[in-house]
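Dear colleague,

Please find the structure that I am handing over to you placed directly below.

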Amino acid sequence: MTKAKALIFTITVWLIATGLYAYYYVVSILASPEPMDAYARDWAFQLLMFSFFRLPYLLLGMIVAVIVVASLVPEKRKK
């Protein structure tokens, strides 16, 4: 596997995992029986909160994963 393919695979897996985690985050909050304000019961608001409180850590994790993959996968040499 070339370095470019490994990086594309890593980023694709990260995007899928982040999308699934965002979905779980929003659904788990909206399914809560606790009383909330009307704006807090909106998908857009919960996705905004996800992007403020969870996404920065996930981006940092992606950066670390890309650095690790880039350092571990050798560059394919042309003959």
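How much accessible surface does the protein have, and what percentage of it belongs to carbon and sulfur atoms? The accessible surface comes to about 6,200 Å², and 72% of that belongs to carbon and sulfur atoms. Accessible areas come from the Shrake-Rupley method with a 1.4 Å probe, and for residues only the protein chains shown count as cover.

A word on the basis of these values is in order. This is a predicted model, in which local features need pLDDT of at least 70 and side-chain atom pairs count only at pLDDT 80 or more, while totals for chains, interfaces and linings use all residues. Residues are numbered from 1 along each chain as its sequence is written, and side-chain values use heavy atoms, with hydrogens and water left out.

Overall form

The protein has 3 helices and 0 strands, in the order α-α-α along the sequence. Its radius of gyration is 18 Å, well over the 12 Å given by the globule rule for 79 residues, so the protein is more spread out than a compact globule. (The radius is taken over C-alpha atoms, and the rule is 2.2 Å times the number of residues to the power 0.38; helices are DSSP runs of H or I with at least four residues, strands are runs of E with at least two, and both are numbered from the N terminus.) The C-alpha trace spans about 65 × 15 × 15 Å along its principal axes. Of the 79 residues, 20% count as buried, where buried means under 20% relative accessible area, exposed over 50%, and partly exposed in between (1.4 Å probe, protein chains only).

Core and surface patch

The largest nonpolar core consists of 6 residues: Ala22, Tyr25, Val26, Leu30, Met49 and Phe50. Helix H1 (3-30) and helix H2 (43-53) each supply at least two residues of this core, and H1 gives the most, with 4 residues. Such a core is a set of buried Ala, Val, Leu, Ile, Met, Phe, Trp, Tyr and Cys residues joined through side-chain atoms within 4.5 Å. Leaving out residues up to four places away in sequence, Ala22 touches Leu47 and Phe50; contact means heavy atoms within 4.5 Å.

Leu47 also belongs to a nonpolar surface patch with Tyr23, Val27 and Trp43, with about 370 Å² of accessible area together. To this patch, too, H1 and H2 each supply at least two residues. Nonpolar patches join side chains of Val, Leu, Ile, Met, Phe, Trp and Tyr within 5 Å, from residues with over 30% relative accessible area and no salt bridge (a side-chain nitrogen of Lys or Arg within 4 Å of a carboxyl oxygen of Asp or Glu). Val27 lies in H1 and counts as partly exposed because its relative accessibility is 32%.

Thr10, in H1, is buried at 17% relative accessible area. Beyond its neighbours within four places in sequence, Thr10 is in contact with Ala65, Val66 and Val69. Val69 lies in H3 and is buried at 18% relative accessibility; with the sequence neighbours up to four places away not counted, Val69 touches Ala6, Leu7 and Thr10.

Arg77 lies in the segment after helix H3 (55-72) and is exposed at 76% relative accessibility.

With kind regards

Technical notes. Patches are made of residues with over 30% relative accessible area and no salt bridge: like charges are joined within 9 Å, nonpolar side chains (Val, Leu, Ile, Met, Phe, Trp, Tyr) within 5 Å.
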